Amino acid sequence: MDQQKLKFNQQNNMKNLILLVTIGSTLFACSPKTSEVVKLQRTTIMTPSADLAQGFELYQSNCGGCHELKNELDYSKEQWQVILPKMAKEAHLDAKQEKSISNYVYWRINQK
Ligand code: HEC
């Protein structure tokens, strides 16, 4: 488990590096290119159910367009409870997608 966490952090650092390199050209854009870069750098994680896997998928495809894909573990559940409804609006998610992403995020931070 610790090793998995380490791997996650390493890849996250790598992601930040690559974002630094690309940030010059994509500073103001919610461009698909940015989220593609983020997506490619994202770790594959094992989820115990298809629902959570779908939440993870939605998280990656909806939450990295405007800013870098945030590390779920950087925020507490209490913080996410404030952030997620706000960001769901930003990302124009429907209620089902929001629920799916929330379930995933809460599951993920419980793995800490
Ligand atoms: C349309 C653009 C946009 C989309 C899409 C978007 N965000 Fe954000 N996000 C922002 C902006 C702008 C901020 C910084 C201002 C703020 O905190 O309101 C932000 C800030 C954040 C923060 C930091 C909040 C804090 O208090 O430090 C987190 C975490 C976050 N977003 C997560 C997400 C997640 C998860 C999704 C997907 C559901 C998402 N964002 C989708 C625009 C977006």
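Predicted model: local features only at pLDDT ≥ 70, side-chain atom pairs only at ≥ 80, totals over all residues.
Let me start with the ligand: 15 residues surround it, and the closest are Cys 63, Cys 66, His 67, Lys 86 and Met 87. Residues are numbered from 1 along each chain as its sequence is written, and side-chain values use heavy atoms, with hydrogens and water left out.

Back to the shell. α3 (50-62) and α4 (77-90) are the elements that give two or more residues to it, and α4 gives the most, with 6 residues. Helices are DSSP runs of H or I, at least four residues, numbered from the N terminus.

Now the iron. The protein donors of the ligand's iron atom are His 67 (NE2) and Met 87 (SD), 2.0 to 2.2 Å from it; a donor is an N, O or S atom within 2.8 Å of the metal (3.2 Å for Na, K and Ca), and sites may look incomplete because water is not among the atoms. The 6 donor atoms subtend angles of 87 to 180° at the iron atom, so the arrangement is octahedral, which for six donors requires opposite ones over 155 degrees apart and all others between 65 and 115. For comparison, the ideal octahedral angles are 90 or 180 degrees. His 67 sits in the loop between α3 and α4 and Met 87 in helix α4, so the pair ties together parts 20 residues apart in sequence. His 67 is partly exposed, with a relative accessible area of 30%, and Met 87 is partly exposed, also with 30%. Buried means under 20%, exposed over 50%, and partly exposed in between (1.4 Å probe, protein chains only).

Next, the aromatic residues. The structure holds 4 aromatic pairs, meaning rings of Phe, Tyr or Trp (its six-membered ring) with centres within 6.5 Å; planes under 30 degrees apart are stacked, over 60 edge-to-face, and the rest tilted. Tyr 75 and Trp 80 form an edge-to-face pair, because their ring centres are 5.2 Å apart and their planes are at 65°. Tyr 75 is partly exposed at 23% relative accessibility, whereas Trp 80 is buried at 4%.

Tyr 104 and Trp 107 both lie in helix α5 (residues 95-110), 3 residues apart, about one turn of the helix. Both are buried. Ring pairs link Phe 56, Tyr 59, Tyr 104 and Trp 107 into a cluster.

Methods: Near = heavy atom within 4 Å. Tetrahedral: all angles 85-135°; square planar, octahedral: opposite > 155°, others 65-115°.
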